[in-house]
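I set down here what I looked up in this structure, entry by entry. The order follows my reading.

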Amino acid sequence: MSDGSSNFGFLDRCDPRVAHLARQAEHYVHSDPDSCLFKLRLMIELMAKRLASMALPNLVAADLSSMLGALERDGALPRPQADGMHAIRRDGNAAVHGNPTPSPTAMRRLRDAHRLSGWYVRNVVRGAKVQPRDFVPPSAPAGTSSEETEVHDRIEELEDRIELQRRRTRESLLLFRDDEHPEGVQKRYRIELKALEMVAVAAGEPLVDADFVALVMAMDLEAIYEHPSFGLDTRDARRRAEKQLADVKDVLDSCEHDYLKERAELVKEMQLLKRRQLRGEV
Amino acid sequence: MSSAPSENELATLWFLTARAMSVAGGGLSASRQGAGGLYAQAMLGISEEACIQAKSDESMASLTLLDCLARLGHVPKDVGERIMTGVMMIAYSDQTMQPLEVRWASMIASAMSMDVDDFQRCCVNARVMSSMMAQAPDAEVPDVPEAGAGA
């Protein structure tokens, strides 16, 4: 910023190291975009570590990508923030490995970092009433030629296209759309599944019945638990799979039992009705 | 009589089936969210465009799971097996088993008139994929050392 103030001053009280890195990134955005990205990547790594220390302490030593993934899965990092952090991580890694960063790209990530910082402060400092000011792009050095401006515009256009493509890819990969209110849709499916379950209990499944599916799934789960990425020993894997199988079978048996009980009551009611009819009471 | 569904029909069918399995499993984890579309594109050959279209299509909202089962009964065997494999992969993605997952898998297999051997084969493939996905290393370059960082 031309007057020497920073977009990230509000971070000082919450996390001085993060604030310092943000200021450095801001300083380098025009003169050395690679360094700007480098600083931003460190900045989000510190943020992620602090978030992990609060939510998932055993993850603090993990690499940044794993940490972000785990935080997102845990619900500690909402998707828009995770996207912003991943974008900085990707571009930061590219810069570290010698891929030159154009200044407009660095500016975009700096803007992302500003957006993330507001969210970060509100989440790290309980009850913080921080309202960061709107992001003011640091001024470009004087004497920018028209050719440079034109190149910057083209880079901006390219960044826009990349951003759009990323959004589309993400949208295509998700099971549920972001704007779909998954709770409502899930509730609907749950109701339908329950109804279909009742039909299946009453009618039975012709070839692959639920007991068989449960058995196959338990065997597969046992193999998954033994897989090196989960690392359970054979005995623990078997115990865990057997426990799940027993739990599922209990529920399946209970459904069957409820169904048989309901059917027996209906039969009883019918017999009573028949007797009353025979006696001429109805 | 089974006939190969069009790409858009397949996308709709896949997302309905996979969403139901995800819900049957008790919720929508990030890994399930991503695995659904990844499988659609990589294994079922559905384009990015068709994946987006399937989820924005009004008809999908109006289709019930019963409609889904009815349509599954008409897909060719090889397509049905790929759908079953993907659905089981979603079921295995959180490494637990829920009664509704078991029931939904059984209903899908029955709707497609699948025999036990074919079903088991699909499950083995699903298990292998699920393990691979859990193991897949992140495309991450080594973390940047903090000390000495800077320009």
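This is a predicted model: local features need pLDDT of at least 70, side-chain atom pairs count only at pLDDT 80 or more; totals for chains, interfaces and linings use all residues.

Entry 1. I looked up the side chain of A:Ser6 and found one of its polar atoms 2.8 Å from the backbone nitrogen of A:Phe8. I also noted a polar contact of 2.7 Å between the side chains of A:Ser6 and A:Glu26; the term covers a pair of N or O atoms within 3.5 Å, where within protein one must be able to donate a hydrogen and the other to accept it, and residues adjacent in sequence count only if both atoms are side-chain atoms. A:Ser6 sits in the segment before α1 of chain A, with helices (H or I, at least four residues) and strands (E, at least two) taken as DSSP runs numbered from the N terminus. I recorded A:Ser6 as buried, at a relative accessible area of 11% (buried is under 20%, exposed over 50%, partly exposed in between, with a 1.4 Å probe and protein chains only).

Residues are numbered from 1 along each chain as its sequence is written, chains are lettered from A and ligands numbered from 1 in the order in which they are written, and side-chain values use heavy atoms, without hydrogens and water.

I found 72 residues of chain A in contact with 74 residues of chain B (heavy atoms within 4.5 Å). The area buried between the two chains is about 6,300 Å², and carbon and sulfur atoms give 64% of that area; this is the accessible area (1.4 Å probe) lost on putting the two parts together, summed over both. A:Leu175, A:Leu193 and A:Met217 supply 13% of the area that chain A buries against chain B, more than any other three residues.

I counted three salt bridges between chain A and chain B (a side-chain nitrogen of Lys or Arg within 4 Å of a carboxyl oxygen of Asp or Glu). One of the salt bridges joins A:Arg168 and B:Glu49, at 2.4 Å from N to O.

How many disulfides does the structure hold over all chains? I found zero, with the limit set at two cysteine sulfur atoms within 2.5 Å. For B:Cys51 the nearest cysteine sulfur is that of B:Cys68, 16 Å away. B:Cys51 is buried at 0% relative accessible area.
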